[in-house]
Structure formats: C-alpha cells, structure tokens
Amino acid sequence: MSKKGFTLVELIAVLALLLIVSLLIVPNLFNMQDESKAKAYESKKEYVLSRAIVYGKDILDELTSESCLENAKNIITVGELINKGYLTGDSKDKKTMLDPRTKKDMNCLKICLNYPCKDGSCEITSKIIGEKLCD
C-alpha cells in the first residue's frame, strides 16, 4: 500500500523553515521603508531650499548680507513659500507640505536666505534654521 502525501514531521520542518526565512526578511523590509522615508525627507528639504533661492532671486532688493539672526527679513517659512506660489503642498488642499517620515506639517520650517558678496561675486544661499516642524 503506497501512501501519497507528507508526514507530520516533514510539514513541521517546512513550516519551521518558512518561519526562519520570514524572520530574516520582514525586519529588512521595515528598515528599507524607514530609509526610503528618510531619503524622501532629505530630497524634499533640498527641493524646498532650491525654491527658496528662486524666491530670494525675485526679492533680491530686499535681501541683505546680514545673517538671519541679525535680520528677520531674510527668513521665510515653507508655508510662506506655498502661499506665495513657490511651492505646492502635498496635502489634499495643496496648502500643507508633509514630512514623509511622520506625515506632520512642515509649513513652520524656517529657511534663512543669505546674499553674501565676496570679491565682487554675490550668490544667494539658503539653509534650514532648526528642524522644528509644526505642532
């Protein structure tokens, strides 16, 4: 009499192997997701900074070579860039930029625009002041 099928021991061995493989793969998937969100955030920050420079070129007469600590006119927020049309939000209403890592509002993120001149050469630079998101 020939029996077809698997024994209980064979089924348990296969299940154990599947469990071990899943324990090795699943944590890596979560790490990859976190890494991609962090890269998306860094990319979004770079885009915001580049759009802030475009804004700075449009208001060149108002910028000074003073640091942002000395002159608040050189500071703009992400929300102000959205309101002025230099950025588009990624929320449903297109008025709020969201942090891809946490889905929190980035509109309060402050950007410092500088217009230093050295040796007759002037260039607008931008940098984020702190990383405080909106509450």
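Is Tyr-55 buried or exposed, going by its relative accessibility? Select Tyr-55 and take a look: its relative accessibility is 10%, so this residue counts as buried (buried means under 20% relative accessible area, exposed over 50%, partly exposed in between, with a 1.4 Å probe and protein chains only).

Before moving on, some housekeeping. This is a predicted model, where local features need pLDDT of at least 70 and side-chain atom pairs count only at pLDDT 80 or more, while totals for chains, interfaces and linings use all residues. Residues are numbered from 1 along each chain as its sequence is written, and side-chain values use heavy atoms, with hydrogens and water left out.

The structure holds 1 aromatic pair, and here the ring centres of Tyr-55 and Tyr-86 are 5.2 Å apart with planes at 80°, so the pair is edge-to-face. (Rings of Phe, Tyr and Trp, the last by its six-membered ring, pair if their centres lie within 6.5 Å; planes under 30 degrees apart count as stacked, over 60 as edge-to-face and the rest as tilted.) Tyr-55 belongs to helix H1 and Tyr-86 to the loop between H2 and E2, 31 residues apart, so the pair links distant parts of the chain. Tyr-86 counts as buried too, at 16% relative accessibility.

Now select residues 8-58, which make up helix H1 (helices are DSSP runs of H or I with at least four residues, strands are runs of E with at least two, numbered from the N terminus). Buried residues in H1 include Tyr-41, Val-48, Leu-49 and Ala-52. Their cover includes strand E1 (75-77), helix H2 (78-83), strand E2 (110-114) and strand E5 (125-129).

Zoom in on Tyr-41: Arg-101 lies over the face of its ring, 3.7 Å from the centre (the test is NZ of Lys or CZ of Arg within 6 Å of the ring centre and within 35 degrees of the ring normal).

Next stop, the sheet. Its 3 strands run in the order E1-E2-E5, open and antiparallel (strands pair if DSSP finds at least two bridges between them). E1 and E5 are at the edges with a single partner strand each, so one side of each lacks a neighbour in the sheet.

Last, pick Thr-96, in the loop between H2 and E2. Thr-96 is buried, with a relative accessible area of 18%. Beyond neighbours within four places in sequence, its contacts include Ile-82, Asp-90 and Asn-107 (contact means heavy atoms within 4.5 Å).

Note on methods. The expected span of a helix is 1.5 Å times one less than its number of residues.
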